[in-house]
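Subject: Handing over a structure

Hi,

Here is the structure I promised to pass on to you. Please have a look at it first, and then read my notes below.

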Amino acid sequence: MIYYKEKCRFDNSQNKAGQAKKIDKMGAGSMILLILCGVAFSAGGIILSRILSRSSYNPQKGQTYECGVPTIGKSLVQLNVGYYLFALLFLIFDVELVFLYPWAVVVKQVGWPALIEVLVFLFILFLGFLYAHKKGALKWM
Amino acid sequence: MFSLEKISIGVQTALNNSLPAFWALMAQFAIVGVLVISLFAVLGLVLVFMERKVSAYMQIRLGPNRVGYKGTAQTLADTLKLLVKEGLIPDGADKFLFRLAPYVVMISAMLLMAPIPFSRNFQIWDINIGVLYISAISSMAVIGILMAGWSSNNKYSLLGAMRSGAQIVSYELSAGLSVLSIVILSGSLQLSEIIQSQENGWWLFKGHIPAVIAFVIFIIAVTAETNRAPFDLAEAESELTAGFHTEYSGMRFALFFLAEYANIFIVCAIGATLFLGGWMPFHVGSWSAFNQIMDYIPGSIWFFGKTFLLIFVIMWFRWTFPRLRIDQLLNLEWKYLLPIGLINLLLITVMAILGWHF
């Protein structure tokens, strides 16, 4: 909810610190609220459309859409292995990014040691990246 | 002067004075819920209309101009049309996942609304790990997309969803790196504090060239993350008809469409907040008269102005660049944007430690 800072310029005497704390507590509740909003919005739309729309069934309506031609074979086809390799690479770098978040907050205060440490960290990851590149994981087949 | 902040504080104090604590809280929840839902509806209408008008003028034609005043009611009419259409589910589909997918996409778009600061103190949830929250929630949408593509039992849908998944997860890294550079400069993950740190200048200007590089990478990455042209090969019309939502119709399709536009708004709002100062007015050094005039414009107008500027830039991309191939797209990310982003991050770190930003 609308979070209220004590140091806010418009903070008049009528708003006390206790009130600010109470409003802050609602924070995580707003996530539940937004999930409910999403469900209500989507469900409302779908239910309204079901009430308003007419529906009928014939076998051709239920067919898989493939620009007018009946589909051949299974629809869950095999996919290029490249997607899998990129997903693996993504996993490595995404975890790296998550590790970098707390580092980024304090790097200004810690200074040069932080930079050197993260350089070592990135260098090790970069070696892995080079290995993947050498193995041809970044090449689309 | 009209400002959202005073209204929100006024409503808050009025509720707290007149109702017991619990019911005041519930009333606030209700107000926020209604506001968010109506914001979503209005955003969908406005952005679709804007998209059609912008593309029309870029192609030297008029665009929608019949329904309502100068065509402004066109998207409303389209929504009504979608509302009365039958929602088909193909026979071979996984019915449960097929129905669930629009909800997942919509909820992740809704959740992203929480930390966005519309004006000073006008924010649903000023979470102290705001940037991390955004990057965590924004990667949830890809689950919905993969769900939709897989459950449709359609080759086009599956291919589109896989492409979309590969693209979104790849470009998330670049977006994350450029966001990190602003976190380094401002030293906080909280969006309101990041804005506060831009009081004497936006990070785009204060961070010199590395910040500009980060901004450009951010814009490219979010264009890809929202599946917009030139990175829209997940729903490339000429090869996959409509990508992961080929089999969707009626209101379920409308929800995917709306979530896509809401996501564009959200990423542009985050870009405006991190790089362009959010609701902070534009100030020029020591021109106090100019700065005072700028201060008179309310923060919400600054916020929406910057956001819509970025949205316009992303719409502009669509009519400027041809679509990439999937291997070109992944090459661009893994061989160019990611290494450049990492080096840029180190540059920014050196700059932040030496205090070269001002």
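**Where the two chains meet**

In this predicted model, helix H2 (residues 27-52) of chain A packs against helix H4 (residues 95-111) of chain B at an angle of about 140 degrees, and their axes are 8 Å apart. An angle over 145 degrees would count as roughly antiparallel; H2(A) and H4(B) are therefore oblique to each other. Their crossing is right-handed.

Which residues make this contact? From H2(A) come A:Met31, A:Leu34, A:Ile35, A:Cys37, A:Gly38, A:Val39, A:Phe41 and A:Ser42, and they meet B:Pro102, B:Tyr103, B:Met106, B:Ile107, B:Met110 and B:Leu111 of H4(B). Sorted by class, this contact of H2(A) with H4(B) has 12 nonpolar residues, two polar ones and no charged ones.

**Chain B by itself**

Chain B has 15 helices and zero strands. Its radius of gyration is 21 Å, close to the 21 Å that the globule rule gives for 358 residues, so chain B is as compact as a globular protein of that length. The C-alpha trace of chain B spans about 65 × 55 × 45 Å along its principal axes, and 51% of the 358 residues of chain B count as buried.

Enjoy exploring!

Best wishes

Conventions. Residues are numbered from 1 along each chain as its sequence is written. Chains are lettered from A and ligands numbered from 1 in the order in which they are written. This is a predicted model: local features need pLDDT of at least 70, side-chain atom pairs count only at pLDDT 80 or more; totals for chains, interfaces and linings use all residues. Axes are lines fitted to C-alpha atoms, for helices over the stretch in contact, and angles run from 0 to 180 degrees between N-to-C directions. Helices (H or I, at least four residues) and strands (E, at least two) are DSSP runs, numbered from the N terminus. Angles under 35 degrees count as roughly parallel, over 145 as roughly antiparallel, 65 to 115 as roughly perpendicular and the rest as oblique. A crossing is left-handed if the near helix is turned anticlockwise from the far one by less than a right angle, and right-handed if clockwise. Two residues are in contact if their C-beta atoms, placed from the backbone, lie within 7 Å. Ala, Val, Leu, Ile, Met, Phe, Trp, Tyr, Cys and Pro count as nonpolar, Asp, Glu, Lys and Arg as charged, and the others, Gly among them, as polar. The radius of gyration is taken over C-alpha atoms; the globule rule is 2.2 Å times the number of residues to the power 0.38. A residue is buried if 20 or more other C-beta atoms lie within 10 Å of its own, exposed if 12 or fewer, and partly exposed in between; C-beta atoms are placed from the backbone.
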